[in-house]
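Please read it alongside the sequence and the structure shown below.

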Amino acid sequence: MKEKVRDIEDFMLDPQFKNWVLNPQAETNEFWGKWLKNNPSQKTQFLLAKEMIQNTEFRKVDVPELAAERVLNRVLEGDKEVANGNGQATRFIPWKTMMRVAASIALLFAVYWISGNLKDSAKQPIEVAEITTKENPAGRKSQVFLPDGSIVWLNSASSLQYRAHFSGSERRVVLKGEAYFDVAKDQDKPFVVESNGMSVTAVGTAFNVRAFDGDDTMEVGLVEGKVKIEGIEEENEKQVAFLEPGQYLQYNLARKQIQKGSSDLRHLVSWKNGVLHFERASFEDVIEELERWYGVEFAYEASAKPANWDYSSEFENASLENVLKSISYTKNFDFEIVKNKVTLKF
């Protein structure tokens, strides 16, 4: 996907790039995320063009006519002149040049907007950075591309909040649910994930955080790099934990107990690749995971449900019907799927 070096103007003239900035979709997010990963040397131009498109598209700025005229004159210098029917010279402006005029004016708008904000900063209150929220309902997973180039795999029934621009001394996001983070390296600006009272800090690394509302436990698994975990408590004392690659930390919210260990973490992050994994799961755990994974609701007689399941299995990109067929074969129950409702009969 590598190509010749682009400058800011090239990005702003690219209709696909502009459409992605203004109307991001899952497919275009994936395309431009891969493009940036394969062209890291153009990250600065990429992000500046994105910011300028956002600023010039949504903010109306008054630019002095004289300044605009100077920009036009500079852009048009050297363009060919042709004779009209009266023998007078008329300037011929090619289509590409007109597009560059538009891009130049857009750049000028951005410069005036930024300089105007700096001039008036002493008179006006500081603007609060815009908060972006990405949210997946049950049954849907997605990728999120953050302003710093980090990539997030967001699980179903999960949400992620972050500022449109990571200003300041850190890159902070708020997670509800589960996400896998592939963090862009920046030694001067740590990446912090806040989730259910816990914070996980990294510089450039890959890790998974699972912290669904209502769950008894929260879990962090580190694939690469190093992370620091804060906001956990044990024996009435605040604890700080550090993880190395291959390590995980599980925190029981009710008992305030920390369990830390090393293991093969493939099962922990397999969800982002479409693998549904159960490891000695109870009946309640299986039902809750299936509801999140497929966006359905289960109905059953509470008195008839089995006491001990201890169920372990894996399903890769499997339909709900096939998963239930497999589970029902070993656990001996019937099921019926009607739209988004599943009825179990024991």
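Helices and strands are DSSP runs numbered from the N terminus, a helix having at least four residues and a strand at least two. In those terms, D310 is found in the loop between β17 (297-299) and β18 (311-316). The model is predicted. The protein chain contains 9 helices and 20 strands, and buried residues make up 38% of its 346 residues.

**Overall composition**

- Among the contacts in the protein chain with a separation of 6 or more, 50% come from residues 24 or more positions apart.
- The protein chain exposes about 20,400 Å², of which carbon and sulfur atoms supply 48%.

**Aromatic pairs and the cluster**

- Ring centres within 6.5 Å make a pair, and planes over 60 degrees apart count as edge-to-face. By this rule the count comes to 19 aromatic pairs.
- The pair of F11 and W35 is edge-to-face because the ring centres are 5.5 Å apart and the planes stand at 85°.
- This pair links distant parts of the chain, with F11 in helix α1 (residues 8-13) and W35 in helix α3 (residues 26-38), 24 residues apart.
- F11 and W35 are both buried.
- F11 also forms an edge-to-face pair with F46, at 5.7 Å centre to centre and with 85° between the planes.
- Here too distant parts of the chain are linked: F11 belongs to helix α1 and F46 to helix α4 (residues 43-58), 35 residues apart.
- F46 is buried, as is F11.
- One aromatic cluster is formed by F278, F283, Y300, W309, Y311, F333 and F346.

**Charges over rings**

- K141 places its charged end over the ring of W293, 3.4 Å from the ring centre.
- The face of Y180 has K272 over it, at 4.7 Å from the ring centre.

- Strands of a sheet pair through backbone hydrogen bonds, in either a parallel or an antiparallel sense.
- The pairing of β19 with strand β20 (residues 341-345) is antiparallel and extends over 5 bridges.
- I337 stands opposite V342, which belongs to β20.

- R280 is not a glycine, yet its phi is positive, at about 50°.
- Strand β16 (residues 275-281) is where R280 is found.
- A residue counts as exposed when its relative accessible area is over 50%; R280 has 59% and is therefore exposed.
- D310, likewise a residue other than glycine, has a positive phi near 55°.
- With a relative accessible area of 44%, D310 is partly exposed.

Terms used: Residues are numbered from 1 along each chain as its sequence is written. This is a predicted model: local features need pLDDT of at least 70, side-chain atom pairs count only at pLDDT 80 or more; totals for chains, interfaces and linings use all residues. Side-chain values use heavy atoms; hydrogens and water are left out. Rings of Phe, Tyr and Trp (its six-membered ring) pair if their centres lie within 6.5 Å; planes under 30 degrees apart count as stacked, over 60 as edge-to-face and the rest as tilted. Buried means under 20% relative accessible area, exposed over 50%, partly exposed in between (1.4 Å probe, protein chains only). A charge sits over a ring if NZ of Lys or CZ of Arg is within 6 Å of the ring centre and within 35 degrees of the ring normal. Contact means heavy atoms within 4.5 Å. Accessible areas come from the Shrake-Rupley method with a 1.4 Å probe; for residues, only the protein chains shown count as cover. Two strands pair if DSSP finds at least two bridges between them.
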